[in-house]
Amino acid sequence: MEAEILIASSPADSAVSCWDLKAGCERRRYKPCASPPHGIVSVAGGFASAQINEGKTSGSIFYWSWNKAQVEVMSRQNEPIGPLVSDVHGNFIVGGGASGDIYLWEKLLKKWHAHYTAISCLDLYESLLVSGSNDGWIRVWSIYLMLDDELREKAKHPYDLSFQAHFVKVTDVKLCFSTPYPFIISASEDNMCKVWRLATGELIREIKLPSAVNAISVDPLEEVIYAGGRDGNIYVRELNATSSSSSSHVKDIIGSSLKQGIGVTCLASSSDGSLLAFGLENGMIRVWDTRASKLLHSLKHTTGPINNVQFITQNTPEFL
């Protein structure tokens, strides 16, 4: 039997909490885990987290099994690692370094220089990787190309696409493939969310918001974008503003905002899009029913900011 659980982290208590949403209670807490934003990823049988090492030039990644509260594997790195992503099967993990390097772990480590400044966010769809950086640039990479030294040497550029999306830090980025023309969504500290055509890097749409955006989430049908603002609002916008949505609940929430009163730090949608989880600066995690437009759970993790929330589908026996 499978269950969708919610995990969350905060640098305030260096821990990851694991929540049973059916019961509305915490099941387990994993320590120590001082994860950076976007720094937690699900892998086979557990999860991995990059670690914030204050005052150190090195970094590390910790791995936990779901049924053990202690760290099972520790991997030391030569620099701090920020965002992490993995493929759906957990075969490999990709991490972004403070130097602008990208690391890929698949039995053997593969590393390449990707950006001139620190990598702030990553997203992965099958073998396609998109990276955003502190200087506002976005690049798209083929994992297959980066793993093949011979092909990479023959290529004109190591990346598939490179463009400046914003003039300040890219805070989040998403790859979307549900339409005939796949696209990238970027968010930034400049109060903007932008939609880019994946094939060319052409700007399709700009969404101007009243606040800097810390994180974005997209519903599974890729009809709606949720943008978490530092002003305490979650802004809800239709991705294709020229088309009518096929989902009745989408029509009800387009253009609305969920007012939290305190900065929204991170967002995640459940696999079916019925739930939206978000972390706040005061250590609270809230779970919103997007179809009924009501708050389901208000969960207390700690007193400091939440920097990661994520829905994960796992076998119930492993979790409990």
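Which residues do ring pairs link into a cluster? Ring pairs join Tyr30, Phe47, Phe62, Trp64 and Trp66 into a cluster, where rings of Phe, Tyr and Trp (its six-membered ring) pair if their centres lie within 6.5 Å, and planes under 30 degrees apart count as stacked, over 60 as edge-to-face and the rest as tilted.

The model is predicted, so that local features need pLDDT of at least 70 and side-chain atom pairs count only at pLDDT 80 or more, while totals for chains, interfaces and linings use all residues. Residues are numbered from 1 along each chain as its sequence is written, and side-chain values use heavy atoms, with hydrogens and water left out.

## Aromatic pairs

The structure holds 10 aromatic pairs. Among them is the pair of Tyr30 and Trp66, whose ring centres are 6.3 Å apart and whose planes stand at 75°, so the pair is edge-to-face. This pair links distant parts of the chain, since Tyr30 belongs to strand 3 (residues 25-30) and Trp66 to the loop between strand 6 (59-65) and strand 7 (73-77), 36 residues apart; strands (E, at least two residues) and helices (H or I, at least four) are DSSP runs, numbered from the N terminus. Tyr30 and Trp66 are both buried, a term that stands for under 20% relative accessible area, with exposed meaning over 50% and partly exposed in between (1.4 Å probe, protein chains only).

Tyr125 and Phe177 form an aromatic pair that is stacked, with 4.1 Å centre to centre and 10° between the planes. Because Tyr125 lies in strand 12 (residues 119-125) and Phe177 in the loop between strand 16 and strand 17 (183-188), the pair ties together parts that are 52 residues apart in sequence. Tyr125 counts as partly exposed at 36% relative accessibility, and Phe177 counts as partly exposed at 25%.

A ring also takes part in another arrangement: Arg197 lies over the face of Tyr181, at 5.4 Å from the ring centre, where a charge sits over a ring if NZ of Lys or CZ of Arg is within 6 Å of the ring centre and within 35 degrees of the ring normal.

## Two buried strand residues

Thr171 is part of strand 16 (residues 170-176) and, at 5% relative accessibility, counts as buried. Leaving aside residues up to four places away in sequence, Thr171 touches His38, Cys121, Ala187, Ser188, Glu189, Val213, Asn214 and Arg230, contact meaning heavy atoms within 4.5 Å.

Met284 lies in strand 26 (residues 284-289) and counts as buried at 14% relative accessibility. With residues up to four places away in sequence again not counted, Met284 touches Phe278, Gly279, Ser298, Leu299, Lys300 and Ile306. Met284 and Ala8 are 276 residues apart in sequence, and their C-alpha atoms are 9.9 Å apart in space.

## Backbone features in loops

The peptide bond from Lys31 to Pro32 is cis, with omega near -15°, and Pro32 lies in the loop between strand 3 and strand 4 (40-43). Positive phi values in residues other than glycine are found at Ser14 and at Ser293, which are set out below.
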